[in-house]
Protein chains: 2
Amino acid sequence: MPAAPPLIPVILSGGAGTRLWPLSREMAPKAFMRLPDGETLLAKTAARALSLPGVDELVTVTDRELYFHTKDLYSGMGDRRPRNASFILEPFGRSTAAAVALAAMGVEARHGGDAIMLVLPSDHLIADGTAFATAVARAVALAREGSLVTFGIEPTGAETRFGYLECGDPLDYSNDGPAAFRAERFVEKPDEDSAYEYLATENYLWNSGMFCFTASAILGAFERHAPKLLSALQPCAGSLRSSDASTLEIDPDLFAPIPAISLDYAVMEPAAAAGDVAIVRGKFDWTDVGSWEAVAELAPPDADGNRGQGERVTIATRDTFVHAGDRIVATLGVENLAIIDTPDALLVAHRDSLQRVREVVAALKARGHDAYREPRTVVRPWGAFTILHGGPGFKVKRIEIKPGAAMSLQLHRKRSEHWVVVAGTAHVTHGDRQYAVETHGFVTVPAGEKHRLENRGDALVVIVEVQCGDYLGEDDIVRFEDRYGRAK
Amino acid sequence: MPAAPPLIPVILSGGAGTRLWPLSREMAPKAFMRLPDGETLLAKTAARALSLPGVDELVTVTDRELYFHTKDLYSGMGDRRPRNASFILEPFGRSTAAAVALAAMGVEARHGGDAIMLVLPSDHLIADGTAFATAVARAVALAREGSLVTFGIEPTGAETRFGYLECGDPLDYSNDGPAAFRAERFVEKPDEDSAYEYLATENYLWNSGMFCFTASAILGAFERHAPKLLSALQPCAGSLRSSDASTLEIDPDLFAPIPAISLDYAVMEPAAAAGDVAIVRGKFDWTDVGSWEAVAELAPPDADGNRGQGERVTIATRDTFVHAGDRIVATLGVENLAIIDTPDALLVAHRDSLQRVREVVAALKARGHDAYREPRTVVRPWGAFTILHGGPGFKVKRIEIKPGAAMSLQLHRKRSEHWVVVAGTAHVTHGDRQYAVETHGFVTVPAGEKHRLENRGDALVVIVEVQCGDYLGEDDIVRFEDRYGRAK
């Protein structure tokens with residue numbers, strides 16, 4: 001008897017990071033944000049997927065700038081880390097249709113068209129893993145029969161933030177697992193009146209954005225409903241066609257003309273009209289952690305309904321959520337606020353207005369202010385750096401190099417660098433010399449001289465760097481060698 | 001004809017800095033805080049005093065830790081700076097009675113008992129300098145006749161934050177200047193009902209805390225009403241007795257037993273009962289800038305009633321005051337808030353609760369949190385330092401050395417220091433050597449080696465210092481020479 005076709009979770013990890021600003025940023029999406037329990041949504045999603053029966057491999061579609069960050073996050077999952085992780089790296093976002101089609105091509109090439117894909121956004125929170133697994137089992141059974149399966153969540157309120165799925169005829173099922181229906185249609189985010197109507201009729205479910213289908217079924221649906229998109233994606237697929245490639249980096253020139261449309265719009269809606277889509281009703285708790293309100297609910301409230309993380313003083317304060325960073329946050333005589341404090345930006349919002357956070361991000365972007373894009377701490381393949389201070393002609397950074405990692409062999413034309421090693425032992429290449437610098441040792445590298453910092457130890461190396469020069473942009477770098485493919 | 005006795009303003013500059021936390025701190029009182037117009041209350045007070053006719057000298061009573069900060073602030077006043085500034089430096093606060101008595105002893109010693117003192121708290125705001133000068137002229141005339149004069153402010157509301165003065169019989173006056181009255185009594189801060197009653201009777205004025213009297217009149221009143229306090233202060237006066245001393249540093253051992261009582265309580269109230277106190281009614285605007293509410297009113301409002309300083313994004317925000325520091329502050333859907341952002345502490349308060357800020361400070365103090373005491377930037381006689389970052393075994397500081405200033409010749413037993421000069425030219429003493437270090441140059445000083453940093457130029461010297469060692473407390477310092485008397 002041949003083995004059953006494998007179940008391959010495909011995690012879609014991108015997102016503009018606007019709704020959880022200022023903690024999430026364009027270059028630090030919410031899936032990477034530490035939740036009040038210390039874990040990230042991405043790690044939770046990966047762990048949930050990997051704990052499903054029959055799962056041995058994980059496909060992640062993400063921005064190429066987030067590749068190393070994602071790999072590090074997976075490595076940090078300990079026993080739960082993915083043993084077989086493959087990546088599709090996009091140079092920029094092109095919405096979910098392109099991401100799912102490329103993942104399907106890869107899965108088909110490596111595992112055949114009968115392999116079953118479970119498409120999961122990286123930033124959903126589901127606490128009840130058992131109920132989730134039960135729903136997935138039902139979806140897998142339907143997918144095997146050729147259905148394109150979507151997961152509908154039973155509404156707990158007249159929510160206007162989500163799209164809805166209208167359920168058609170129920171599909172037979174032989175056990176007492178979750179119910180399934182033929183999908184009648186996909187409904188856009190409704191107005192409030194419609195949302196109340198949907199809630200009352202009990203015939204509508206929230207569209208969770210999770211899907212299950214065989215690679216051949218979804219590719220067939222692309223052929224029928226989005227043939228142009230599919231053929232435009234063929235040249236992008238490149239190395240996906242080779243069965244041993246675990247990472248595809250998509251060529252930006254080929255990817256740029258791809259339209260940014262959602263899988264729902266490109267394929268699922270027309271497929272539902274054609275009767276090819278099934279809905280599995282999820283009986284599990286589910287949140288897309290799409291707002292600070294949802295994040296707040298992850299922390300336990302105190303007697304006054306206040307929640308939060310970090311060092312706080314709350315006086316005459318009620319129902320307020322405070323995310324304190326490295327500073328103390330005092331609240332006095334306020335209620336129903338969300339206060340999100342980060343090293344370079346602060347948000348103070350009424351909880352009823354949190355859905356408008358993206359307006360703040362848009363205002364920052366319009367002003368050309370950097371705080372919409374990158375957080376103060378920037379993650380790199382070798383570790384991370386934080387800009388501590390700067391002024392005319394100088395910049396002070398904290399640099400962390402991971403065990404076993406190395407920055408590129410590089411030089412800067414316009415700046416000198418002074419390093420003080422404040423934790424661990426750094427291995428330095430400076431011109432033709434190589435030597436170790438112990439904790440509290442220092443090195444000066446004048447402009448124009450080749451250098452490399454490396455961590456050959458088991459503990460984090462931390463360096464305080466003072467850069468001096470008339471031009472201090474990150475683009476003043478000539479790379480000679482790089483372990484992470486950045487020297488080309 | 002002998003010259004008229006001089007008018008000597010005495011500025012009382014102390015204050016616990018709790019009501020304007022987190023911008024003011026125990027070691028950074030509100031008089032030093034930059035107002036929305038860029039000036040400080042202390043500079044405004046000094047300028048107001050020095051612009052009075054006949055004023056040529058200024059006495060300042062302050063904490064000795066604030067001496068150099070105060071001198072620098074006066075130096076920065078340009079043409080309006082005091083040419084003759086003398087100081088009485090307290091090791092800790094002992095309220096206003098002790099401060100005024102010591103100032104009176106000094107004024108009597110240098111200028112004789114007929115010299116007139118004008119006692120001014122450092123943190124009052126009076127925009128109408130002409131009306132103020134007119135009131136002072138009336139007070140000076142009454143003081144010459146031997147009265148102890150206090151300034152009463154016509155109430156603009158039923159304020160419970162201030163004490164009141166009850167006016168007795170009006171005093172004759174021959175011109176159309178401000179009215180004056182015999183003081184009937186001093187009234188403590190009233191409850192709200194009493195405040196409304198005082199407002200209605202028109203017989204009560206706010207007690208401004210400003211006074212005018214001859215040195216001999218106030219010392220005479222001390223002899224009559226507080227003889228024990230006066231004799232306890234005699235040994236503290238020390239060098240004040242010498243007519244050329246411009247600075248008195250009070251011995252902490254002698255000052256410690258002095259009771260901390262106010263001039264009102266110790267002298268003015270009993271003197272009023274004895275019929276010796278006159279009230280001049282001030283017709284000028286006056287605020288003691290005693291709360292964030294008062295600070296907010298100094299900034300012009302936008303169309304939505306929002307006020308503030310610094311980089312802000314305001315969306316759906318009304319009647320909110322934002323003091324932004326070096327980070328951007330976004331507000332969304334809020335109203336009637338005060339948001340005070342500083343590098344190490346954030347306050348978010350409803351404007352109606354601002355009088356309770358001291359509860360936050362008390363909570364911090366009870367927790368042993370440093371944020372009640374010192375701001376992130378600490379002022380020193382030679383300049384200032386800011387702690388940028390720290391971790392186990394290291395600390396990163398930005399150090400600013402003023403032109404012509406020098407740190408002490410010192411050594412640290414337990415830490416090494418790495419300096420990168422990022423602005424100006426530093427003059428370094430290191431062991432037996434002395435040399436100049438230009439911008440972008442660096443120096444390393446191992447633990448146990450003597451060193452000194454000096455600025456011989458005309459521009460600010462800025463240094464980034466990385467300290468390394470197992471113990472990094474400010475008290476690990478052995479001083480060999482110090483220009484500011486700190487080497488003893």
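**From one loop to a two-chain model**

A:D319 sits in the loop of chain A that runs between strand 12 (312-315) and strand 13 (321-323). Its backbone deserves a look. A:D319 is not a glycine, yet its phi is positive, near 50 degrees. Most residues other than glycine have a negative phi, and most peptide bonds are trans.

The structure is a predicted model, and confidence comes next. Chain A has a mean pLDDT of 91. In that chain, 97% of the residues reach 70 or more. Where pLDDT is low, the predicted coordinates should not be read in detail. For the complex, the predictor gives an ipTM of 0.81 and a pTM of 0.82.

The peptide bonds hold another backbone feature. In chain A, the bond from A:W21 to A:P22 is cis, with omega near 5 degrees. A:P22 belongs to the loop between strand 1 (7-13) and helix 1 (41-50) of chain A. Chain B has a cis peptide bond too, joining B:W21 and B:P22, with omega about 5 degrees. B:P22 lies in the loop between strand 1 (7-13) and helix 1 (41-50) of chain B.

Now step back to the whole chain. Chain A is divided into domain 1 (7-282), domain 2 (292-367) and domain 3 (377-481). Taken over C-alpha atoms, the centres of domain 1 and domain 3 of chain A are 39 Å apart.

Helix packing can be followed in chain B. Two packed helices are described by the angle between their axes and the distance between the axes. Take helix 6 (residues 215-225) and helix 9 (residues 263-273) of chain B: their axes come within 9 Å and cross at roughly 90 degrees. Angles of 65 to 115 degrees count as roughly perpendicular, so helix 6 of chain B is roughly perpendicular to helix 9 of chain B. Helix 6 of chain B brings B:A221, B:F222 and B:H225 to the contact. Helix 9 of chain B brings B:A266, B:V267, B:P270 and B:A271. By type, the residues of this contact are six nonpolar, one polar and no charged.

How are the two chains related? Two copies of a chain are related by a rotation about an axis and a shift along it. Here a rotation of 180 degrees, with 0.1 Å of shift along its axis, superposes chain A on chain B at an RMSD of 0.1 Å. That is the relation of a two-fold axis. Within chain A, the C-alpha nearest the axis belongs to A:L388, 3.2 Å from it. Both copies use the same surface: 100% of the contact residues of chain A recur in chain B.

Finally, the interface itself. Chain A gives 49 residues to the contact, and chain B gives 49 residues. On the side of chain A that touches chain B, strand 16 (residues 345-350) of chain A supplies the largest share, six residues. That side of chain A divides into 30 nonpolar, twelve polar and seven charged residues.

Definitions and conventions:
Residues are numbered from 1 along each chain as its sequence is written. Chains are lettered from A and ligands numbered from 1 in the order in which they are written. This is a predicted model: local features need pLDDT of at least 70, side-chain atom pairs count only at pLDDT 80 or more; totals for chains, interfaces and linings use all residues. Copies are superposed by least squares on the C-alpha atoms of residues with pLDDT of at least 70 in both. Two residues are in contact if their C-beta atoms, placed from the backbone, lie within 7 Å. pLDDT is the predictor's confidence in each residue, from 0 to 100. Domain bounds come from an automatic or database domain assignment. Axes are lines fitted to C-alpha atoms, for helices over the stretch in contact, and angles run from 0 to 180 degrees between N-to-C directions. Helices (H or I, at least four residues) and strands (E, at least two) are DSSP runs, numbered from the N terminus. Angles under 35 degrees count as roughly parallel, over 145 as roughly antiparallel, 65 to 115 as roughly perpendicular and the rest as oblique. Ala, Val, Leu, Ile, Met, Phe, Trp, Tyr, Cys and Pro count as nonpolar, Asp, Glu, Lys and Arg as charged, and the others, Gly among them, as polar.
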